[in-house]
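Please look over the sequence and the model shown here before reading on.

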Amino acid sequence: MTGLPHYPVNPSPGPHGAQYYPPQQQPYGYPMQYGALYTPGPLFAPAGLADLGSRLGARVLDVLIWFAGYFATGPLPLSLWSDNGGGDAAGAVLLSWFVATYLLYFAFCVAESGSTLGKRICGVRVVRRDSGRAIGFGRALVREISWPVFSLIPVLGLLNSLWCCWDRPYQQCLHDKLPDTVVVER
């Protein structure tokens with residue numbers, strides 16, 4: 001039997017004389033063995049997953065890009081309207097524009113391509129944990145709405161952002177755990 005992997009063979013053959021060779025990978029639900037692919041430390045990730053520095057850089061760039069787009073298109077004309085007697089209607093439109101631009105930039109972009117402009121610059125994208133495919137609009141909406149909702153609760157907002165530092169093996173933040181997504185290198 002040359003050329004076969006050197007796994008321990010079951011000494012008693014099966015019912016038809018076949019010998020049993022154990023599987024070459026861990027069964028579902030068992031912790032993965034990374035070996036040389038995993039370099040432990042706070043900024044390193046298992047092969048394929050985005051490191052924490054890229055994730056943080058992507059989020060900071062995304063917020064800056066979104067704020068620039070939001071302020072360039074909405075608040076200036078609406079604040080002029082509000083100052084000239086628009087009142088509550090101008091405030092409602094301003095809030096609606098705030099939510100619409102947030103959802104269009106974050107949820108729609110992540111649902112369609114797995115990344116926003118900031119994520120593309122940093123070389124990361126968001127995928128489903130189970131299949132590695134695009135996450136779709138529903139999961140993207142849950143992911144992107146949970147991030148600011150968690151930020152409204154003081155301790156939970158901090159825990160959400162730091163959760164990926166100790167979550168193993170997928171390095172998911174809390175807003176990744178809800179829709180079951182991971183952030184990978186592009």
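Lys119 is buried, because its relative accessible area is 5%, where buried means under 20% relative accessible area, exposed over 50% and partly exposed in between, with a 1.4 Å probe and protein chains only. The model is a predicted one, in which local features need pLDDT of at least 70 and side-chain atom pairs count only at pLDDT 80 or more, while totals for chains, interfaces and linings use all residues. Residues are numbered from 1 along each chain as its sequence is written, and side-chain values use heavy atoms, with hydrogens and water left out.

Lys119 lies in helix H3 (residues 117-122); helices (H or I, at least four residues) and strands (E, at least two) are DSSP runs numbered from the N terminus. Not counting residues up to four places away in sequence, Lys119 touches Ala58, Asp62, Val110, Gly114, Val124, Val126 and Arg143, a contact being a pair of heavy atoms within 4.5 Å. In the loop between H2 and H3 one finds Thr116, which is buried because its relative accessible area is 1%. With neighbours within four places in sequence left aside, Thr116 is in contact with Asp62, Tyr105, Phe106, Cys109 and Val110.

A pair of aromatic rings is described by the distance of the centres and the angle of the planes. The structure holds 11 aromatic pairs, where rings of Phe, Tyr and Trp (its six-membered ring) pair if their centres lie within 6.5 Å, and planes under 30 degrees apart count as stacked, over 60 as edge-to-face and the rest as tilted. One of them is the edge-to-face pair of Tyr70 and Phe98, at 5.2 Å centre to centre with 85 degrees between the planes. This pair links distant parts of the chain, with Tyr70 in helix H1 (residues 52-73) and Phe98 in helix H2 (residues 75-113), 28 residues apart. Tyr70 counts as buried because its relative accessibility is 6%, whereas Phe98, at a relative accessible area of 31%, is partly exposed. Tyr102 and Phe106 form a tilted pair, 4.8 Å centre to centre and with 40 degrees between the planes. Because they are 4 residues apart in helix H2, Tyr102 and Phe106 are separated by about one helical turn, and both are buried.

Rings also take part in another arrangement, in which a charge sits over a ring if NZ of Lys or CZ of Arg is within 6 Å of the ring centre and within 35 degrees of the ring normal. The charged end of Arg59 sits in this way over the ring of Trp147, 4.0 Å from its centre, and that of Arg129 over the ring of Tyr170, 5.1 Å from its centre.

At the surface, Phe67, Phe71, Leu95, Phe98 and Val99 form a nonpolar patch with about 460 Å² of accessible area together. The elements that give two or more residues to the nonpolar patch are H1 and H2, and H2 gives the most, with 3 residues. Val99 has its place in helix H2 and is partly exposed, with a relative accessible area of 43%.

Key. Patches are made of residues with over 30% relative accessible area and no salt bridge: like charges are joined within 9 Å, nonpolar side chains (Val, Leu, Ile, Met, Phe, Trp, Tyr) within 5 Å. Accessible areas come from the Shrake-Rupley method with a 1.4 Å probe; for residues, only the protein chains shown count as cover. A salt bridge is a side-chain nitrogen of Lys or Arg within 4 Å of a carboxyl oxygen of Asp or Glu.
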